[in-house]
Amino acid sequence: MFTLAPLSLLPAQARGSGLRAAFVAGAVISVGDTPQGIAVTPDGARAYVADRSSNTVSVIDTATDTITDTIPTNAGPTFVAFTPDGTRAYVTFAGAALVSVIDTTTNSVITDIVVSDPTTVVAITPDGTRAYVTAGTSTVNVIDTATNTVTDTITVGGAPTGVVITPDGTRAYVANQIPGTVSVIDTATNTVTDTISVGSFPILLAVTPDGTRVYVTVVGNSALSVIDTATNTVTASVGVSAQPRVPAVSPDGSHVYVPNAEPDTVSVIDTATNTVVENIGVGDGPTDIAFLPDGTRAYVTNTLAGTVEVLATTVIPDHGSTGGGTPVTLTGHHLANATAVHFGATQATITANTATSMTVTTPAGSGAVPVTVTTAGGTGTLGTFYYTPTPALTGISPATGPVAGSDQEIVITGRNLAGTINVFLGATRAVIQTVSDTQITVRAAGAPAPGGVAVTVITPGGTTDGLSYTYLDASTVTSVSPNTGPTTGGTEVTITGTGLAGTDQVTFDGTPAPFTVISDTTLTAATPPSGTDGTVDVTITGLGGSPAGTFTYVSEPDI
């Protein structure tokens, strides 16, 4: 079962080298140990952070980005949700079958609600009358917020984690890690009315402000599945980086933000095109993200760093090519009827304009420049845009791997790679593990067929290629010749088959033997000594798998 802290990896993988992307976010606030969930009050004045290992909830004043209070709890808090009026916060706990209710006026726990099983995530209906809590191995508990008692228990899929409620309050969506589904609950009857297959290990969800789509992070696929709530079908899968966590939709619905706990980034996805437009570097182990109501800032919990990072979301993306042409969304106030937008001294092209949001196309430029908007009321600065040099690739290691894909890390080196958005091996997207300005590590997903493919890296500064990667077919062994020899060893044998070029080791009954690769279909090896005669397995281990043949040891004649 997936657990959110300390950081868990599903499916099992080694955590990356910790290289941090060069595109770093804003202010960093130290909170308690292992911060997980974060929620902003409906008025935007405060953010509440669940500090799991400290058994506390930290309260952040969003005007000053400072801690103003620390609330002790009875166990390790995981996630927080507010009632619509902001007067109460409901908190779930890892390993404890309870939900605590915090009075946000006094910042104190006023009651603990006992539920059926240890709790994970809580969501509150838009009218504030009920809280839906994922708990245990297969249930959702329904809490009446007037009495703070459990009034219903709903059976869903295995290992339910995330839960969200549509803005009209009619449905709740629950991510079930096993068997990779999302359950749809009719909140009028508290019954499951639909089950949607979304991928391998779905964990957490977000819903758009208009309720038309639900986004689900799918850890096993390093992707974000998009559900159309009108048909309850998956309409798209957007590849992100390794170990995606809690998604969040910007208040205007234009972007989805996904913290990626492996490379320590936040992927920003354009909801109109379902494409990643930016990867923002943050602290160690980002998990949850919450927006201010006006969409100008977002707060990210860095679970392994013990911090909350503040992202300015007024210029998205805030990096782009020196040649210009990058579509950028600007968020702010009093933007209606803008007459000009400048990136530095150069005017951009305005493509859409409302009172709170604009889309523009960047002009050519260089370096870091202010982004200013001019209206009848004057000129104001919304943020900074960073022109990024064109990337270049210099090497890849290893340059081969199995056609089925592998968890082995592939290291790509080059220049100007910070903020890499996507890496492709041919038409197959590789999963980003770590990023720096000179190095990217990725995992290769499976390819349609064996053979050499181009390596393509997409960054804010442009797209580059020039390297190749070779997918190898699964290895097979068709013959070992000769297939008999003395127990003293030293017999030169020729092993034939397919996919042998990537062989790492040859063993006779588990004992390594010296070998030489002749081609993808042939290698030679010298048999090691054997203590007894008889037939043993000859095993070829490499990127293409571990096929086996046989060899028979024969004792020398004696008196």
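The questions and answers below concern confidence, pockets, salt bridges and the backbone.

Modeller: This is a predicted model, in which local features need pLDDT of at least 70 and side-chain atom pairs count only at pLDDT 80 or more, while totals for chains, interfaces and linings use all residues. Residues are numbered from 1 along each chain as its sequence is written, and side-chain values use heavy atoms, with hydrogens and water left out.

Colleague: What pLDDT does the protein average?

Modeller: The term pLDDT is the predictor's confidence in each residue, from 0 to 100. Of the residues, 95% score at least 70. The protein averages a pLDDT of 93.

Colleague: What volume does the largest pocket have?

Modeller: Rolling a probe the size of a water molecule over the atoms shows where empty space is left. On a 1 Å grid over the protein atoms alone, a pocket is an open set of points where a 1.4 Å probe fits, with protein on both sides within 12 Å along at least five of seven lines; lining residues have an atom within 4 Å of a point. Points are joined across faces, edges and corners, and a volume is the space filled by probe spheres set on them. For the largest pocket, this volume is about 1300 Å³.

Colleague: Which residues lie nearest the centre of the largest pocket?

Modeller: The lining has 33 nonpolar, seven polar and one charged residues; Ala, Val, Leu, Ile, Met, Phe, Trp, Tyr, Cys and Pro count as nonpolar, Asp, Glu, Lys and Arg as charged, and the others, Gly among them, as polar. Of the 41 residues in this lining, those nearest the centre are A39, V40, A81, F82 and V207.

Colleague: Which strand gives the largest share of the lining of the second largest pocket?

Modeller: Strands (E, at least two residues) are DSSP runs, numbered from the N terminus. The second largest pocket, with a volume of about 520 Å³, has 12 nonpolar, 19 polar and two charged residues in its lining. The largest share, five residues, comes from β35.

Colleague: Which residue forms a salt bridge with R297?

Modeller: Side chains of opposite charge can pair when their charged atoms come close. A salt bridge is a side-chain nitrogen of Lys or Arg within 4 Å of a carboxyl oxygen of Asp or Glu, and the structure holds two. For R297, the closest N and O atoms of the pair are 3.4 Å apart, and the partner is D65.

Colleague: Is R443, which pairs with D407, buried or exposed?

Modeller: D407 and R443 meet in a salt bridge at 3.3 Å, N to O. Buried means under 20% relative accessible area, exposed over 50%, and partly exposed in between, with a 1.4 Å probe and protein chains only. D407 is partly exposed at 48%. R443 has a relative accessible area of 9%, so R443 is buried.

Colleague: Which residue does a cis peptide bond join to S481?

Modeller: The omega of this bond is about -5°.

Conventions. Helices (H or I, at least four residues) and strands (E, at least two) are DSSP runs, numbered from the N terminus.
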